[in-house]
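Me: Please take a close look at one part of this structure for me. I would like to know how two neighbouring pieces of one chain meet, and what sits where they touch.

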Amino acid sequence: MAEENIITINGNELVFEPGETILEVARRNSIDIPTLCYLKGATPTGACRVCVVEVKEAKTLLTACTTPATTGMVVKTESKPVVEARKEIIELLLSSGNHNCAVRDSDNKDWTQFQLGVQEYDNSKELCPVWGDCRLQELAYRYQVTGKKFPGTKTKYPMETVNPMIVRDFSRCIHCGRCVQACNEIQVNNAISFGYRGADTKIVAAGDRPLVESDCVFCGECIQACPVGALVEKDARYKVRPWETQKVRTTCSYCGVGCQLELHVKDNQVVKVTGFDVPPNNGSLCVKGRFGYNFINHPDRLTKPLIKKNGEFKEASWDEALNLVASTLTTIKEKNSGDAIGVLTSARVTNEENYIANKFTRSVLKTNNIDHCARL
Amino acid sequence: MAGLAAAFGSGAMTNTIADIEKADVILVAGSNTTENHPVLSAFVKRAVSFKGTKLIVADPRRIKLTTFADKWLRPNLGTDVAWINGLMHVIIKENLYDSKFIEERTENFEELKKTLEKYTPDYVESITGIPAGEIIEAARLYAGAEKGSILYCMGITQHTTGTDNVKSLANLAMLCGNLGIEGGGVNPLRGQNNVQGACDMGGLPNVYSGYQPVTDPEIRKKMETAWGVDGLPEKPGLVVTDMIPKAHSGDIKALYIIGENPLVSDPDLSHVETSFKHLDFLVVQDIFLTETAQMADVVLPSTCFAEKDGTFSNTERRVQRVRKAIDPPGEAWADWKIICEVSTRMGYEMNYESAEAIMEEIASVTPSYAGITYDRIEKEGIHWPCPTPDHPGTPVLHIGKFTRGLGHFHAIDYMPPAELADDEYPLYLTTGRLLYQYHTGTMTMKSDGLNEKAPKCYVEISPQDAKRFDLKDGSPVKVASRRGEITADVKVSEMAVDGTIFIPFHYAQAAANRLTNAKLDPIAKIPEYKVCAVKISKAA
């Protein structure tokens, strides 16, 4: 049985499951085939053609993301024709739009003029906001190509900045369709789609209106899916460069789904949040998880213990505050009983903290009066 | 959760989130999933859109999920037992139930059957307003599934009959043999990041961690030995909704509140405020000076999730790591450290090197967490029960056998909500959350983006009711109940059903909970947030 399901990739004989694509078999076996438009969990489209591979006896190069593995298939993933094809694809993508990451180069050798134009569009003197965190830039570097081979094309559409969370920069969109798939096939919010045709192609919401006037719920799945700088968090744009941040994986603190996410930290501040690709959320987040982090570093955070004296709060030392709490609770417990004290622990704090609250209430206060807001 | 515990022996989601996509039919009851559990709702939407799963939604409001539904049941507020009984009546009458499952794995079926006799589709229509034909079709759809999943939320539990509602859903699932299988189950969606964990860890008046009863002498002895103390109290303590009245009457002298804001989240707020004023001593541990903290005698600054290590247990019983990413502001301390310090100063020394050390103690006294260590959940969380270090965890509960042995059918009759509309208060009010805000807004209202999308309170009303009371979209109105009144702007919306208004409860300035009824479910002690009678008039 198993012998029938064997494919050869770069000389390695590999077993595949019926229905698996060349890309899936390769990735499962740590063979790297580059992709741009391929989005895990969505229907492969083969739109960008970056994943083309050479298949023995096939007339043309085939896209690995859409071609099912078949018995006896012999595949080369980095042969000369493959590399040449990929180079041309990347060069074409680089030549359209504002890819001012310096690998763009310039068709008329006038980098300065190009860069000035982009800066005006961006309203910034910096290079592309996702410089260093861009799949297209990575591929250009990997295949050592620039955008000078083809004449550059101008951006047709202005940037959309009218919503508070997502910047849509059409000048950097490569029409890979990942955002459309993320919205329609992963989150199923059905807010965006391909609009217009050919050279006029644009990702549109609600018949080409701003996101705020569409069904968009600002989950940001599209930002996370965007391989380039076409969709960027408004708050993080130009303020956060990937090499300046440290990523810490943790669990979201809003609803009970428990999405796994990464907090991007810069100078002891959380500056961006992204979903992490493990269960239960497999990389997805909602608007609160992705954009609701400003409370963390908010100036209104409590920073010192407070004791109310004559109706007004006064800052106190921990010793003072803790001694007051301990002595007052002791007095009430001795004068009345532990049952005159109630503890509300929290559905917001950790298991460890709830356990400690449970232990303290029962063994120190000597009451079982402990509950939390599960009922509310 | 009391309802599920009574039926199955365990009060938690029976299945996993990933399981939702394996169901043939999903019944979503009293859950505005796309707004309250957005990422989980994507599992439902994907199943329906791409996997041929059928969806039944039961909700009075035209929530987003109704646009994905094959069947939308729109019951009158507080009539859940009636429509669920109606479905079961049809399933039994048409012989669509799983008799093998009932015989082998359940008890008390005959009692249920007797009670269901009178719940004919016509009778159910007269109570719920759902057309009899719809009841029949929904019953056939759910019973026809090989794997049927039920998801529910506060729309089911926040009623005086909340426990009955949950037991009824449990009945329905057992009737069709939908338990102990992948893609099936009865699944309560927990609204807060660690509600599950707070329950698991003994943040309840009647049980220690792992639901070990305080009334069991052997368990008490075990905890006394583990903790090195004597005389642990024997009788269950007070639930939150009983503590407040006891504070009012003076029986409770002091409250110690950790990270909660009852002065926005509790029902009948005006009463809660007076109760708090009667306290001798109020301690609040929080990250902001919330409405509740402002009333405190002592406020202790604590750390938020980004500033500490630990674990949360999600709605599917998965224990997951929380990791410190930044240093806390000023002198804020982790909540566990604060409590340990108070404890030590009261003569019982509590000293832990780290959150991980606490988890080691949790595992040693909590059978369902016995196999959980930080090492094991480093990459991916584990579903409890996880009784030993080599146990893989339990994604699906009740396979082969219920936690309590046999699944118990509860024969339940419909009872109307505690407060009915009348001439003076002619409308019903139901409350809930919005996508862009969270609970009392302490956290979400600090993000400009979220505030721009959901800036202030509003009163959602159907176009017909708006006409009836001569109200214009966007104009200010006064909404009053027997307990209080608030002012907010009208939002005329097709989402609302005639006769019922909806108000989000996030906003302290126009707190919906000034209006809500504090009447409790007698078992779960959950207030009836989802139904009360109100009147509406133009604000001056």
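Reply: In this predicted model, chain B splits into three domains: domain 1 (2-189), domain 2 (195-383) and domain 3 (427-538). The part to look at is where domain 2 of chain B meets domain 3 of chain B. Their centres, taken over C-alpha atoms, lie 30 Å apart. Domain 2 of chain B brings 16 residues to the contact, and domain 3 of chain B brings 19 residues.

Now the area. The two domains bury about 1,400 Å² between them. Carbon and sulfur atoms account for 62% of that. On the domain 2 side, three residues stand out: B:Val264, B:Pro267 and B:Asp268. Together they supply 34% of the area that domain 2 of chain B buries against domain 3 of chain B, more than any other three residues.

Two salt bridges are counted between domain 2 of chain B and domain 3 of chain B. B:Arg514 forms a salt bridge with B:Glu273, with the closest N and O atoms 2.9 Å apart.

Which elements of domain 2 of chain B give two or more residues to the side that touches domain 3 of chain B? They are helix H13 (240-249), helix H14 (262-265) and helix H15 (269-277) of chain B. H15(B) gives the most, with three residues. By type, the residues on this side of domain 2 of chain B divide into six nonpolar, five polar and five charged.

How values were computed:
Residues numbered from 1 in each chain as written. Chains lettered and ligands numbered in written order. Predicted model: local features only at pLDDT ≥ 70, side-chain atom pairs only at ≥ 80, totals over all residues. Heavy atoms only, no water. Domains from an automatic or database assignment. Contact = heavy atoms within 4.5 Å. Buried area = accessible area lost by both parts, 1.4 Å probe. Salt bridge = Lys/Arg side-chain N within 4 Å of Asp/Glu carboxyl O. Helix = DSSP H or I, 4+ residues; strand = E, 2+ residues; numbered from the N terminus. Nonpolar A, V, L, I, M, F, W, Y, C, P; charged D, E, K, R; others polar.
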